[in-house]
Amino acid sequence: MARPVSTPAKAIAVAVVVLVLLAASPAALALHDYGDALHKSILFFEGQRSGRLPPDQRLRWRQDSGIHDGAEAGVDLTGGYYDAGDNVKFGFPMAFTATLMSWGLIDFGRSFGAREEAAAREAVRWATDYLMKATATPGTVYVQVGDASRDHACWERPEDMDTPRTVYKVDAAHPGSDVAAETAAALAAGSIVFRDTDPAYSERLLDRAVAVFAFADAHRGAYSGSLRAAVCPCYCDYSGYQDELLWGAAWLHRASRRREYREYIKRNEVALGASDAINEFGWDNKHAGINVLISKEVLMGKDEYFRSFRENADDFICGLLPGISSGSGHPQIDYSPGGLLFKVGNSNMQHVTSLSFLLLAYSNYLSHAGARVSCGGGGASAASPVQLRRVAKRQVDYILGDNPLRMSYMVGYGPRYPLRIHHRASSLPSVAAHPARIGCKAGAAYYASPAPNPNLLVGAVVGGPSNSTDAFPDARAVFQQSEPTTYINAPLLGLLAYFSAHPDLEAAQLGRD
């Protein structure tokens, strides 16, 4: 158990972190090639693909896999993404991944550049195509392919996997409002992404999102209650399904502009807990994201009806800004001595990228509205959009190598990065290099090997430091720190796109808020 920190010691620690986060020199902040990092972070998703790979597949060491997924249930569930370093397709984090990739394109699409914007859209489509298959049967959402316990007992390539490809679903008798509403959010957000480039596809996505959300709302319940043995402990719904219903409605409101979703949000704001646990945002807990997303309506002067969401968003943001709200009653998030945003648990970088994305998105809305974040009574303590962007940028820079270890946590970026990531396909010889099958237990020798992974999963961001010491063991067995996930990378796309288009903006504004 951690020893409590005394008040004076904690004050000193906060002061040090504030200096690390807010007083870095412009020269130090201008060293990274954010465009290169963006390119690689999109490329990562090609390494996570399941199904038949297209001719333009760039990570050539991957080959077709899971080409009969869904057959045991008489449906086509090929395609989609493996969530992390295993070979299971989990629908809940995959849908969240698609939603966050889409949000980055919606808010910062012009910053991607034509080539990377097109590549990012294809990454979204690989997910939304799969989600359309998973929701093709009315009143049913297929939420997982693969037996997680059997899969995790093996270390084998996705091209070789012979573990059960069991299909799991939610329906009226076995509800899963959380995964269904997140799927609706992903489809709705995707419909906005494709509105101009593929209007017919966009319309199909939105129509399906409407139907899936109606199902999620009509048959309420958490999918981990219906499918506990299959989805827990990997992706249990710990926060309840209520946040996903609001999240889904918020995205349907943004995509469709239909009054019914506006009314749904307001009518259910209290009942579904819009202001609960607002310092969380990730595949399980959407509260902070809901408030930031809906706040745009208020800040753009479109809907005072949602003012309470703006207040919730301000409270959330204040909790992320060291030195801004300490002593003002806002719950504070922790930072490591090296300046990394830190939350207790596995895969800390998922919190770093998702919360940093919300900082950037909210700063964008504030800038357009000429507004600031109020963190104290009567506006005594306030933060400018520049300050929000600065903290977000510091987190991105930490990931890319501005940290005590001088290590990039993105594979393939910079001179030093993780070489032994917890990832089956990356750590085992490719089919081209080793055509013979590598069985379930035969892969154990590769898992235990101290040698670097033979296949570079370019762009993968690993879980990173998992405690407050900024330490990182580059070890395959320490999955909590060495495993990449799609939902770490997804919010990073928008962040990298913005900073690639504005590489000197924050450095030029460091001295003025």
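Strands β2 (residues 140-145) and β3 (residues 167-171) of this predicted model pair in the antiparallel sense over 5 bridges. Strands here are DSSP runs of E with at least two residues, helices are runs of H or I with at least four residues, and both are numbered from the N terminus. Two strands count as paired if DSSP finds at least two bridges between them. One of the bridges joins Gln144 to its partner Tyr168 in β3. Of the 5 residues of β3, 4 are buried, and the strand is mostly covered. Buried means under 20% relative accessible area, exposed means over 50%, and partly exposed lies in between (1.4 Å probe, protein chains only). In a regular strand the side chains alternate between the two faces of the sheet.

Residues are numbered from 1 along each chain as its sequence is written. Because the model is predicted, local features need pLDDT of at least 70 and side-chain atom pairs count only at pLDDT 80 or more, while totals for chains, interfaces and linings use all residues; side-chain values use heavy atoms, with hydrogens and water left out.

Helix α16 (385-400) is mostly covered, with 16 of its 16 residues buried. From its first C-alpha to its last, α16 reaches 23 Å, close to the 22 Å expected at 1.5 Å a residue; the expected span is 1.5 Å times one less than the number of residues. Gly401 follows α16 and has a positive phi, near 135 degrees.

An unreviewed UniProt entry annotates His422, Asp474 and Glu483 as "active site". These residues span 62 residues in sequence, yet no two of their C-alpha atoms are more than 10.3 Å apart, so they gather at one spot. UniProt positions are given in the numbering used here, feature names are shortened, and annotations may be inferred rather than shown by experiment.

His422 is found in the loop between α16 and α17 (424-427) and is buried, with a relative accessible area of 9%. Contact means heavy atoms within 4.5 Å. A polar atom of the His422 side chain lies 2.8 Å from the backbone oxygen of Arg476. A polar contact is a pair of N or O atoms within 3.5 Å; within protein, one must be able to donate a hydrogen and the other to accept it, and residues adjacent in sequence count only if both atoms are side-chain atoms.

Glu483 lies in the loop between α19 (479-482) and α20 (486-501) and is buried at 14% relative accessibility. Beyond its neighbours within four places in sequence, the contacts of Glu483 include Ala84, Asp86, His422 and Val461. Its side chain reaches the backbone nitrogen of Gly85 at 2.9 Å.

Ser426 belongs to helix α17 and is buried at 1% relative accessibility. Its C-alpha atom is separated by 6.3 Å from that of Leu456, 30 residues apart along the chain. The side chain of Ser426 reaches the backbone oxygen of Asn455 at 2.6 Å. Residues touched by Ser426 include Trp61, Asn453 and Leu457.

Pro452, in the loop between α18 (444-448) and α19, is partly exposed at 43% relative accessibility. Pro452 and Pro418 are 34 residues apart in sequence and 8.7 Å apart in space, C-alpha to C-alpha. Leaving aside neighbours within four places in sequence, Pro452 is in contact with Leu419, Arg420 and Arg476.
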